[in-house]
Amino acid sequence: MQETIRLEHLSIGYKQGKARRVVAADLNASIDSGRLTCLLGRNGVGKSTLLRTLAGFLPPLDGRILLHGQSLSSYSKADLARLVSVVLTGKPQVQNMRVDELVALGRSPYTDFWGRLRTADRRAVGEAMRLVGMESLAHRMVSDLSDGERQKTMIAKALAQQTPVIILDEPTAFLDFPSKVETMKLLRHLVRETDKTIFLSSHDLELSMQLADRLWLMSGRQLVIGTPRQLTADGTLARYVAHPDVRFNAEEMTLAIEV
Ligand SMILES: Nc1ncnc2c1ncn2[C@@H]1O[C@H](COP(=O)(O)OP(=O)(O)OP(=O)(O)O)[C@@H](O)[C@H]1O
């Protein structure tokens, strides 16, 4: 287990002409390998903005991000593609291809100009589809997939990329309950077995509380970080879910709805 990503006085948000829309400011934190870290927070609080900034898709407004001790902005696109894979929400732009072809795009940092797959690439693609349970749909068109199947395909593409860091924006959003559990358990297993760094956002609070090693809770402009046990013990999670009809069981880390 070691520090992979460090946020130093990081401010995130959007530039609109000369105006700046600051979503969160002065974030200081680090993400370790070998741990599953889940980012929680209400709608619109800035989770996707943070993930997109950590992935290098959005420039920081202030401060900096270090990846393996080096400024994220100093990496070339090619180097970054071998270090960080990203699964964002929303439909992939490529629809007119087969599932196995889309997953194989995850190998592009390693293939030649023509994208020719070698044995090792094919093996990585097959293994990634097996891990997410998409082997039987390998030859289906992406445009014909359900939302959940498409989500799994995108996770397989990220796994095929074989990067030490994986960033996922709501990877369980469209999945049915067993698939949510399987996906979270797969990611948890991966960080342990391969010492990867996995950072994901989620609205599945119970799953995150029960399966994450660390939680990041964004609220207002604040970021609270701790293990699920710590954030339960200090009342942070109870405050986050506070609602007259919701009972938070801190012992079992479950939620019950009063009817
Ligand atoms: N391209 C953009 N330009 C300006 N503001 C944006 C842009 N994209 C998002 N925002 C704003 O930034 C804020 C944070 O949005 P973000 O998508 O990061 O939230 P989120 O926590 O991921 O929300 P959700 O849980 O609903 O997905 C919101 O107020 C949103 O309206």
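**Notes on the sheet and the ligand site**

1. In this predicted model, Arg-6 stands opposite Leu-66 in β4. The two strands concerned, β1 and β4 (residues 62–67), run antiparallel and are joined by five bridges.

2. The sheet as a whole is open and is formed by four strands in the order β2-β1-β4-β5, with antiparallel pairing. Its edge strands are β2 and β5 (70–71), each of which pairs on one side only. Helix α1 packs on this sheet, where it touches β1, β2 and β4, and the direction of α1 makes about 115° with that of β1.

3. Turning to the ligand, there are 14 residues around it, and those that come nearest are Arg-21, Gly-44, Lys-47, Thr-49 and His-203. By class, the residues of this shell divide into seven polar, four charged and three nonpolar.

4. At least two residues of the shell come from each of β1 (3–16), β2 (19–32) and α1 (47–54), and α1 gives the most, with three residues. The helix that contributes these residues is also the one that packs on the sheet, touching β1, β2 and β4.

5. On the side-chain side, a polar atom of Tyr-14 is 3.2 Å from a nitrogen atom of the ligand. Taken alone, the ligand exposes 640 Å², of which the protein buries 64%.

Note on methods:
Residues are numbered from 1 along each chain as its sequence is written. This is a predicted model: local features need pLDDT of at least 70, side-chain atom pairs count only at pLDDT 80 or more; totals for chains, interfaces and linings use all residues. Side-chain values use heavy atoms; hydrogens and water are left out. A residue is near a molecule or strand if one of its heavy atoms lies within 4 Å of it. A polar contact is a pair of N or O atoms within 3.5 Å; within protein, one must be able to donate a hydrogen and the other to accept it, and residues adjacent in sequence count only if both atoms are side-chain atoms. Accessible areas come from the Shrake-Rupley method with a 1.4 Å probe; for residues, only the protein chains shown count as cover. Ala, Val, Leu, Ile, Met, Phe, Trp, Tyr, Cys and Pro count as nonpolar, Asp, Glu, Lys and Arg as charged, and the others, Gly among them, as polar. Two strands pair if DSSP finds at least two bridges between them. Contact means heavy atoms within 4.5 Å. Axes are lines fitted to C-alpha atoms, for helices over the stretch in contact, and angles run from 0 to 180 degrees between N-to-C directions.
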